[in-house]
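Please look over the sequence and the model that follow, and keep both at hand while reading this report.

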Amino acid sequence: MGMHQYISGLNELEMISRAPGYFKYQPHSVAAHSWKVTQVAQFLGDIEEEAGNPVDWRMLYEKALNHDITERFIGDIRTPVKYASAPLRKLLAEVDDSLSENFIKAEIPENLQDVYRRRLGEGKDETLEGRILSVADKVDLLYEAFGELQKGNPEPVFMDIYRESLVTIYSFRDMPSSAYFIHKVLPELLAEEFPGSERLQRIYIGIFNK
């Protein structure tokens with residue numbers, strides 16, 4: 001048993017759309033999202049290191065690259081559905097874990113199975129690398145939603161995603177990397193003017209000026 005099925009299956013991530021079921025001016029795939037999250041996580045890791053916090057770069061890259069790889073089994077669940085309730089989220093995680101374990105046992109060589117259990121497991125945890133991933137994931141989600149709103153997408157879900165992403169990023173404001181994004185990057189994003197941009201700024205003010 002080699003790694004053929006694993007490598008072949010990577011192509012499926014290019015075909016899985018983010019935010020399925022909603023009209024989008026610029027569709028994004030799960031594969032593209034994983035690459036962008038890794039880029040953002042890399043930048044956030046740099047900020048953490050500058051602040052004197054040691055980063056396990058191998059763990060950070062593994063978490064960022066692989067954080068959505070199991071969506072090849074169940075697809076990308078709509079964000080509002082995914083976070084509708086804690087029991088549902090727990091159930092989806094259990095299904096995800098079960099499918100991942102079955103795949104590992106069937107398709108991953110035995111000498112690499114423990115490695116891939118780590119890589120295919122939940123990457124968002126209380127480690128610095130897990131917290132960086134949590135922020136990086138929401139940063140890309142924020143930019144995806146902002147891009148749709150900037151183009152005048154009428155789907156209400158993108159306003160919900162924009163708001164929820166800001167709330168999550170704000171919740172990690174104790175981290176130097178999240179604080180840097182909030183104070184240095186976010187103002188540049190919100191400075192862009194277009195029809196409806198004032199509403200996005202008001203949402204930002206409501207969250208960050210508590």
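Predicted model: local features only at pLDDT ≥ 70, side-chain atom pairs only at ≥ 80, totals over all residues.

A residue is called buried when its relative accessible area is under 20%, exposed when that area is over 50%, and partly exposed in between. Glutamate 144, with a relative accessible area of 9%, is therefore buried.

## Salt bridges

The structure holds 15 salt bridges. One of them joins lysine 36 to glutamate 144, and the closest N and O atoms of this pair are 3.5 Å apart. Lysine 36 belongs to helix 2 while glutamate 144 belongs to helix 8, which covers residues 128-150, so that the bridge links distant parts of the chain, 108 residues apart. Both of these residues also take part in a network of salt bridges, in which Arg18, Lys36, Asp68, Asp140 and Glu144 are linked.

A further salt bridge is formed by arginine 118 and glutamate 62, with 2.9 Å between the closest N and O atoms. Because arginine 118 lies in helix 7 (residues 113-120) and glutamate 62 in helix 3, this pair ties together parts that are 56 residues apart in sequence. The two partners can be compared with the cut-offs given above: arginine 118 has 36% relative accessibility and so counts as partly exposed, whereas glutamate 62, with a relative accessible area of 9%, is buried.

Glutamate 101 and arginine 117 also meet through their side chains in a salt bridge, at 2.9 Å from N to O. Here the link runs between helix 6, which holds glutamate 101, and helix 7, which holds arginine 117, and the two residues are 16 residues apart. Glutamate 101 is partly exposed, since its relative accessible area is 23%, and arginine 117, at 31% relative accessibility, counts as partly exposed.

| Residue | Partner | N to O distance |
|---|---|---|
| Lysine 36 | Glutamate 144 | 3.5 Å |
| Arginine 118 | Glutamate 62 | 2.9 Å |
| Glutamate 101 | Arginine 117 | 2.9 Å |

## The second largest pocket

Which residues line the second largest pocket? The lining is made up of Tyr6, Leu10, Leu13, Val30, Ala31, Ser34, Trp35, Leu65, Asn66 and Ile69. Two or more of the lining residues come from each of helix 1 (4-15), helix 2 (30-50) and helix 3 (57-66), and helix 2 provides the largest share, which is four residues. The volume of this pocket is about 180 Å³.

The C-alpha atoms of glutamate 12 and isoleucine 69 are separated by 9.8 Å, although the two residues are 57 residues apart along the chain. Glutamate 12 lies in helix 1, and with a relative accessible area of 38% this glutamate is partly exposed.

Leucine 99 and serine 100 are both found in helix 6, as the assignments for leucine 99 and for serine 100 state. Is each of them buried or partly exposed? Leucine 99 counts as partly exposed because its relative accessibility is 31%, while serine 100, at 5% relative accessibility, counts as buried. Leucine 99 belongs, together with Leu91 and Val95, to a nonpolar patch on the surface, and the three have about 220 Å² of accessible area together. Serine 100, when its neighbours within four places in sequence are left aside, is in contact with Thr70, Phe73 and Leu120.

Serine 165 lies in helix 9, which covers residues 156-171, and at 0% relative accessibility serine 165 counts as buried. Apart from neighbours within four places in sequence, serine 165 is in contact with Lys138, Leu141 and Leu142. From serine 165 to alanine 145 the distance is 9.1 Å, C-alpha to C-alpha, and these two are 20 residues apart in sequence.

Arginine 173 is found in the loop between helix 9 and helix 10 (176-190), and at 44% relative accessibility arginine 173 counts as partly exposed. Leaving out neighbours within four places in sequence, arginine 173 is in contact with Ser178, Ala179 and Ile182. Valine 135 is 38 residues from arginine 173 in sequence, and their C-alpha atoms are 9.7 Å apart in space.

Notes. Residues numbered from 1 in each chain as written. Heavy atoms only, no water. Patch = residues over 30% accessible without salt bridge, like charges linked within 9 Å, V, L, I, M, F, W, Y side chains within 5 Å. Areas by Shrake-Rupley, 256 points an atom, 1.4 Å probe, with all protein chains shown as cover. Salt bridge = Lys/Arg side-chain N within 4 Å of Asp/Glu carboxyl O. Buried < 20%, exposed > 50% of the residue type's maximum accessible area, 1.4 Å probe, protein only. Contact = heavy atoms within 4.5 Å. 1 Å grid on protein atoms, 1.4 Å probe; cavity = no way out; pocket = protein on both sides within 12 Å on 5 of 7 lines; lining within 4 Å. Points joined across faces, edges and corners; volume = space filled by probe spheres on them.
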